[in-house]
Amino acid sequence: MQPDYPINTLSTTGRQLKAIDLWETAHSLGFPAALWRLPNQQDKHLIVSFDEVLPRVPADLDELPAGFLVSPFDNLSSTAQTNMSANATLELSTSNRALFLRADIQALFSETNGVQSGRVRSDSLTANESTADKFWQTLAAQQNNLAAAQAKQTTVTSFSDPDAQAEYVRNVALAVDAMKRGEIRKVVLSRTKRVLFSDTPNAVDLFDKLCQKYPTAFVSAVSIPEKGQIWISATPERLVSIDANGIFRTASLAGTQSAFEPDGTPKRPPEAMWSQKEIEEQALVSRYIIECFKKIRLREYLEEGPKTLIAGNLMHLSTCFIVDTQAVRYPQLGTVMLRLLHPTSAVCGTPRDVAFTFIGQHETHDRELYSGFLGPVNINTNNEGPESDLFVHIRCMKLEGRLATLYAGAGLTEDSVPEREWQETEMKCQTLLSVINNV
Ligand SMILES: C=C(O[C@@H]1C=C(C(=O)O)C=C[C@H]1O)C(=O)O
């Protein structure tokens, strides 16, 4: 890895290098890129991969180099032998479905007291040097035009889909019947909503607006040229994190209500009232996580919650689970749990495989990357050690040119009221729509 360069030394125009410069250069060369901001942090990170077609890899945090991982929902590990002790070899079957953006170019953008700074590095060990040269030459040639791309104004129109609500409500009723018959405990059914921009929107601009509006979310934009897609999200749900000190974190998140009173005043989280149905729904996610710990005979975990958590326009119930992987001598816990956890009961259901089949039989859209997971892997920001932060890919949309497809789901139990579940998905779509409508 070459030393870091301050971003202003790379500007050829006297203007400071910005995330949009790198993003647009990657786009024009057909290179994938990922831009992200971690919850409660200011720094924005960007990586560019020189793989025009991304490798499909197993989600193995212990093997992958620095980069950004994006997994589809449909990426189940079958657990042929899961009764592992901390020292036993891992016998989970691996599936090569996650897309991996290797950090061929890595940039960090910070802001302290209104002053912007940053660093950029390109990895000459893994990256083809002539490709890196081509990248910087293209960037230098384009930099003058990029300011114009940033200032684009767009308006949006919604597609009317008159049958969507009736179809969703019908499917919820079928799920409730299946749950009353005892076939499933919980299932998460999702739907899509499509909007058309008047002009191709600026993804970096949308990303910046989401960062501003949702400081506690994991905000990301991932460009996948081989699919002609950019995925943008502001998710509140952590799936697996391993920090530089080997601290593992996961969380169970479920139960949804508006964060505002009907008159528009914000609710106070400690005073939020939760129904029996929502408490049960979230407890099922926590139980699912604890079952995963049990499968690997891990007892030394800290459980915090459930607490009410604000996620933009919504509130959820959340419980955090924390493990010191060094103290329990389980360095590969992140990889093992990732394979055991995904897809959790927050986006799939209980029992997992029955719920997965029900989703496949009843949802008419392909979830693709929605309700999969994504985030930085083995990124060493301040030379403190590599960190990985993977989040459940919800509150997201897929951008294909001017067309945006938003995805939202609701956790159903036998007490679900179909119309209310539809309203819940509408509220979840608002997380991104409220920003889209103002670009
Ligand atoms: C499935 C989604 O969200 C999940 C489902 C929730 C629920 O059913 O209450 C709450 C938070 C998320 O775990 C989504 O936003 O699409």
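View 1. Helices here are DSSP runs of H or I with at least four residues, strands are E runs of at least two, and both are numbered from the N terminus. This is a predicted model: local features need pLDDT of at least 70, side-chain atom pairs count only at pLDDT 80 or more, and totals for chains, interfaces and linings use all residues. Residues are numbered from 1 along each chain as its sequence is written. Of the 439 residues in the protein chain, 45% are buried (20 or more other C-beta atoms within 10 Å of a residue's own, with C-beta atoms placed from the backbone).

**View 2. An open sheet of nine strands.** Follow the order β4-β6-β5-β18-β19-β13-β14-β16-β15, with antiparallel pairing (a pair needs at least two DSSP bridges). β4 (56–57) and β15 (302–311) sit at the edges with a single partner strand each, so one side of each has no neighbour in the sheet.

**View 3. Zooming in on β18 and β19.** Strand β18 (residues 373–377) pairs with strand β19 (residues 388–392) in the antiparallel sense, over two bridges. Look for L374, which stands opposite F391 in β19.

**View 4. Helix α8, residues 418–436.** From first C-alpha to last, the 19 residues of α8 reach 27 Å, close to the 27 Å expected at 1.5 Å a residue (that is, 1.5 Å times one less than the number of residues). At Q430, α8 bends by about 40°, the angle between axes fitted to the seven residues ending there and the seven starting there. Buried residues of α8 include P418, E421, L432 and I436.

Key:
Buried ≥ 20, exposed ≤ 12 C-beta atoms within 10 Å, placed from the backbone.
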